[in-house]
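Please examine the structure shown below. The paragraphs that follow lead through it step by step.

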Amino acid sequence: MSHSTTASPGTVLVVDDDAALRLLIRAALEQDGWAVSEAPDGASACAALERIQPDIVLLDVSMPELDGFEACARIRTMRGGEYVPILMITSMDNEESISRAYQVGATDFLSKPFNFMILRHRLHYMHRAHQATHELRDERDFISAVVDKSGALVLVLDATGRIKRFNPSCEHTSGFSATEARDRPIWDLLSGADERERDRGEFKQLIAGRSMSHHESSWIAKDGTRRDIAWSRSVLLDGDGEVAHVVFTGLDTTERRQAEERARFLASYDPLTGLPNRRLFTNRLQQALSTADAEGQQVAVLFLDLDRFKYVNATWGQAAGDQSLTEVADRLTKGLRLSDVLARQHQDLRTEMARLGGDEFTALVTGVPSVNELAGIVKRLQEALRRPFTFEGHEFTISASVGAALYPADGADAESLLSSAESAMYASRKQQRGGFRFFSPAMHVSVAERLSLETELRQSIERNEFVLHYQPKHVTRTGALIGAEALVRWAHPSRGLLLPATFIGLAEETGLIVPLGEWVLRQTCLEVMRLRALGLQLVPVAVNLSSAQFQVDDLLGRIAAIFRECAMETRYLTIEITESMIMRDPRRAHETLSRLNDLGVRVALDDFGTGYSALASLKDLPIHELKIDRAFVKDLAENPRDLAIARAIIAMAHGLGLTVVGEGVETEEQLAILRAEGCDEVQGFLIGEPVSADRFAALLRSSARDGSMPRAFTSDSNVGS
Amino acid sequence: MHDVTIISETALEQVLELDRLSGGGLFARVVDIYLAETPTILRDLRSAIDAGDPDRAAVAAHALKSASMNVGAQGVATVCTELEALGRRGSVDGAESLALQLDEAYPLVKAALERRVLKHTAEAFGG
């Protein structure tokens, strides 16, 4: 079956019981190129229709058996017969038979006797009309399919805003079926109650403007949820230029917008608790500070840290931790809101909670009426946490240590205020968990903190929380083990093994360096003699003497007492002092060193090159070793000046008959240069890391077994003055 | 009383035009069919009248009327129209004399058609 408008006509089924007439009709139609099939009665016409699927049917009304009316009605029910044009031929030229013909589905009629030319024209016209209809139907079906299958929302309204077309995407997004939607004004069906009038007004404007427009709006779906839609709207005009329809095409942007909102939220809020994050809090704090400047208000920052919160995670798991944090946030927020009572009394009072991360929370309080009332707010926050938390039936308590800082007294900007509040929190916690402190300027190195650390340091000596590590020292030329430096470590009960850098400063400030230094000396002696008792071949172990110790009145007496106590063989001990200690009081230093010499102890000058020694004074000093400061060793390869200095120190030391030790040797290159320059001994990570006493014993043992060590001490002692 | 045997040249114009357009022989075949079928229809008509069956008489009259119009047998068609109308009114009164007219006219109509075919054939070949 062809639908082209220009093609040759197709097949005509001629149904008539008059064979002569069929012959004539055939002759007439074949003139126009029709293929003609014939059927002598209604029943065979139906059979032929199924078989040949004609493009048009010519049907005589009066036939035996199945007459034309009945045949026509039957054809309309058949596959391929629904739309086929049927021309009824009737000899009963009366209105009744004509209307009957249309009733049973005839497309047109022609009365007998007819003119064959008219028949030809009539068929031609019917065929063309049918083709046009068919094409329109195809087009309609195609457009419908496009509209229905489109992922976009497609909606057609009439000029009054009533829904005429509502595609499946619309059904999907709105939850309303096309049947429910049909003929209802769109604002009636899909606008929120508050937006109905506005949307109606907008539609009227659209009709008046007659132009295409883009806009975003939202639908309230059948289930009550809001859907955001980006619309493109265009107006269709009829032949008279009046608005016939308005076509809406749209995309549901709800998910995209939600994702964008989520991203925005995450940039400023903590996803777990929903509280503002550090970034937002800092912004708000800065804003509050500007406002406070303008209005002369006070601003307070509270810093809350949950005490021992990590145990919640460790004991009950991450889920318990997360749930607790959420609940903490919730309780704190509510606790802060309780301050509304205060807010009623003080209209400027504003509060805001945030989570900085981990178990740290902050609160911003603006318009603080007084310090007492701020303390009241803190108390409420802490009380909000008092009730035990539960997780899967387990009960535990969480308390918060709180510090407060006030603007402008305790910090000029957001960061310094936060830092001050945090210091106050630490100061408070040092005294008592779950406590509260205002910031005080001394707090960064607070008395309390110092007292507490001091106590810890003091106790750590009594509790024997310190340990010694030994860093080996080797002969540069042979690599033989020739000595070691004893280095102190604090085995802190909660913070792990601490390096001197973290506590020596405090020890010096508090004077604890003296007992600590004595402990190191005593412990070194004890351990050296223990190694001796194990029958190991010993090397001298160096102990650093601090500046404070060096000034202790009866220094020599104390050292001598320790030696006696430990039955120390002093030739296995080297005392290391720094240039600056000597330069403070050269004459006294000279005396002290001489007496140390008398006790049989070797002396090394540590960190050489950093102080401002009068080189002349060096020549008389009773010392054995010069240790080139690591600062010069570090850039030996790169910096010619450092190399020059190292070279000068080595030459000078050798000139004075001193052993030269390179410290902080970390690379092969540094070692090679030191070897080339004649530096006697080296120590550093490349040579050997500080090791425990047990490991050191093992080093001594293997060194003795390899035979690489024994002559070292002898050759070393030859160098001494 | 009109001439039942008359062949209308006006009515034949269309048929002859189609005959010409379709390359000839159509008129002869149409006449052949007419002459082959008409005696049967006439017998049906006669038996329906004899049996006093107006419906069957009307159907037969209608068939003969249509067939006659195809070949220009205008006189026969006119008589058939009357007979058909009579039958449709549910009567065979007076049908007898009309049928008799047809019986008497038919041999003459047949002869006239055969002559017309011959004439047409001669014209067609004679140019």
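**The interface and the two chains**

Across the interface of chain B and chain A, the rule finds zero salt bridges, a salt bridge being a side-chain nitrogen of Lys or Arg within 4 Å of a carboxyl oxygen of Asp or Glu. The model is a predicted one, in which local features need pLDDT of at least 70 and side-chain atom pairs count only at pLDDT 80 or more, while totals for chains, interfaces and linings use all residues. Residues are numbered from 1 along each chain as its sequence is written, chains are lettered from A and ligands numbered from 1 in the order in which they are written, and side-chain values use heavy atoms, with hydrogens and water left out.

On the side of chain B that touches chain A, the elements that give two or more residues are helix H1 (9–21), helix H2 (26–50) and helix H3 (54–70) of chain B. Helices (H or I, at least four residues) and strands (E, at least two) are DSSP runs, numbered from the N terminus. The residues on this side of chain B divide into eight nonpolar, five polar and two charged. In this scheme Ala, Val, Leu, Ile, Met, Phe, Trp, Tyr, Cys and Pro count as nonpolar, Asp, Glu, Lys and Arg as charged, and the others, Gly among them, as polar.

The contact, meaning heavy atoms within 4.5 Å, takes 15 residues from chain B and 18 residues from chain A. The size of an interface is often given as the accessible area lost when the parts come together. Between chain B and chain A the buried area is about 1400 Å², with carbon and sulfur atoms giving 66% of it; buried area is the accessible area (1.4 Å probe) that two parts lose on being put together, summed over both. In chain B, the residues that lose the most area to chain A are B:Gln14, B:Leu18 and B:Asn70, which together account for 34% of what that side buries.

Salt bridges do occur elsewhere: the count over all chains comes to 47. One of them joins the side chains of A:Asp183 and A:Lys164 at 2.5 Å, N to O. This pair links distant parts of the chain, 19 residues apart, with A:Asp183 in the loop between helix H7 (178–181) and helix H8 (186–190) of chain A and A:Lys164 in strand S7 (residues 163–166) of chain A. A:Asp183 counts as partly exposed because its relative accessibility is 38%, where buried means under 20% relative accessible area, exposed over 50%, and partly exposed in between (1.4 Å probe, protein chains only). A:Lys164, at 35%, is also partly exposed.

Another salt bridge is formed by A:Arg331 and A:Glu327, whose closest N and O atoms are 2.8 Å apart. Both residues lie in helix H13 (residues 318–337) of chain A, four residues apart, about one turn of the helix. A:Arg331 is buried at 6% relative accessibility, whereas A:Glu327 is partly exposed at 25%.

Two residues in strands of chain A show polar contacts between side chains. A:Glu576 is found in strand S22 (residues 573–578) of chain A and, at 1% relative accessibility, counts as buried. Its side chain makes a polar contact of 2.5 Å with the side chain of A:Lys627. A:Tyr407 belongs to strand S16 (residues 400–407) of chain A and is buried at 8% relative accessibility. The side chains of A:Tyr407 and A:Asp293 are joined by a polar contact of 2.7 Å.

A last point concerns confidence. Chain A averages a pLDDT of 85, and 92% of the residues score at least 70; pLDDT is the predictor's confidence in each residue, from 0 to 100. Over residues 1–6 of chain A the pLDDT stays under 50, and over residues 708–721 of chain A the pLDDT is below 50. Where pLDDT is low, the predicted coordinates should not be read in detail.

Notes
Polar contact = N/O pair within 3.5 Å; in protein donor to acceptor, adjacent residues only side chain to side chain.
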